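Read the sequence alongside the model below. The paragraphs that follow go through the strands, then the charged side chains, then the backbone.

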Amino acid sequence: MSTPDAPELVFTTEELETLGRTADALSAYLGRAVLAEIVGAEETGFEWVIFAMPLDKNEDESEFTVVQVGGDQARIVGNRGGLDPKDNAVYACRYLWAIQLSDAEPVRFIKVDEEGEEVAWTETLEELLPFALSEDAFAPEDDTDDEDDDEDDDSPEPGLQGHTLH
């Protein structure tokens, strides 16, 4: 609930896109669907996202925390790890972690582990994610820096002038 003094704690469009790309990257990395469901701020006063992996039939549920993800009103971001986007099923999932929003300055994000413990606090979402997802990572590198480095490579290293290495 937002007031003039305290803004509503909801994810921005950019943050939602980053969370969705994280779920997609995890799905590709693990070779299994990873779901990221946004839980609204209605009950807690802040939004949070839960990352979870639907259980395989052979998995022993007693070995980890199991949560329910999905349903008619679910806000799942990303491509659902290959699951049908129109599927409104509720999945029993292995809880991986959650990230909740915070109004404790300067902290905006709090990471919660599989035990329900708050394990990391930061003001930037990327610091809590397992992959670097910036779009700059795929940008071509600037060649001018390489040319400067090449000039330095032509001169011998100090202390090796006049010596031949065998």
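Helices and strands here are DSSP runs, a helix having at least four residues and a strand at least two, and they are numbered from the N terminus. By that numbering glutamate 123 falls in the loop between strand S7 (118–122) and helix H2 (143–153). The model is a predicted one.

Start with strand S2, residues 48–54. Six of its seven residues are buried, so the strand is mostly covered. Strand S2 has pairing partners in S1 and S5. Strand S1 (residues 35–39) runs antiparallel to S2, and five bridges join the two. Within this pairing, alanine 36 has phenylalanine 51 of S2 as its bridge partner. Strand S5, residues 90–101, also pairs with S2 in the antiparallel sense, here over seven bridges. In that pairing methionine 53 is opposite arginine 94 of S5. When looking along such strands, keep in mind that side chains in a regular strand alternate between the two faces of the sheet.

A separate antiparallel pairing joins S6 to S7 through four bridges. Lysine 111 stands opposite alanine 120 in S7. The C-alpha atom of glutamate 115 lies 8.8 Å from that of tryptophan 97, and the two residues are 18 residues apart along the chain.

Next come the charged side chains. How many salt bridges does the structure hold? There are four. One of them joins arginine 108 to glutamate 15, with 2.9 Å between the closest N and O atoms. This pair links distant parts of the chain, since arginine 108 is in the loop between S5 and strand S6 (109–112) while glutamate 15 is in helix H1 (residues 13–30), 93 residues apart. Arginine 108 has a relative accessibility of 22% and so counts as partly exposed. Glutamate 15, in contrast, is buried, because its relative accessible area is 11% and the cut-off for buried is under 20%.

A second salt bridge is formed by arginine 75 and glutamate 47, at 2.7 Å from N to O. Here too the pair links distant parts of the chain: arginine 75 belongs to strand S4 (residues 75–77) and glutamate 47 to the loop between S1 and S2, 28 residues apart. Arginine 75 is partly exposed at 36% relative accessibility, whereas glutamate 47 is buried at 6%.

Arginine 32 and aspartate 56 also meet in a salt bridge, with an N to O distance of 3.9 Å. Because arginine 32 lies in the loop between H1 and S1 and aspartate 56 in the loop between S2 and strand S3 (66–70), the pair ties together parts that are 24 residues apart in sequence. Both residues of the pair are partly exposed: arginine 32 has a relative accessible area of 22%, and aspartate 56 has one of 43%. A network of salt bridges links Arg32 and Asp56 with Glu59.

Other acidic residues gather on the surface. A patch of negative charge there is made of Glu14, Glu17, Asp103, Glu105, Glu123, Glu126 and Glu127. Glutamate 123, already placed in the loop between S7 and H2, is exposed, because its relative accessibility is 53% and exposed means over 50%.

The last stop is the backbone, where two places call for a closer look. Most residues other than glycine have a negative phi, and most peptide bonds are trans. Which peptide bond is cis? The bond from glutamate 105 to proline 106 is cis, with omega near -5°. Proline 106 lies in the loop between S5 and S6, and glutamate 105 is one of the residues of the negative patch. Arginine 80 has a phi near 60°, a positive value in a residue other than glycine. This arginine, arginine 80, is in the loop between S4 and S5. With a relative accessible area of 12%, arginine 80 is buried.

Note on methods
Residues numbered from 1 in each chain as written. Predicted model: local features only at pLDDT ≥ 70, side-chain atom pairs only at ≥ 80, totals over all residues. Heavy atoms only, no water. Buried < 20%, exposed > 50% of the residue type's maximum accessible area, 1.4 Å probe, protein only. Pairing = 2+ DSSP bridges. Patch = residues over 30% accessible without salt bridge, like charges linked within 9 Å, V, L, I, M, F, W, Y side chains within 5 Å. Areas by Shrake-Rupley, 256 points an atom, 1.4 Å probe, with all protein chains shown as cover. Lys, Arg positive; Asp, Glu negative; His and termini not counted. Charge placed at Lys NZ, Arg CZ, Asp CG, Glu CD.
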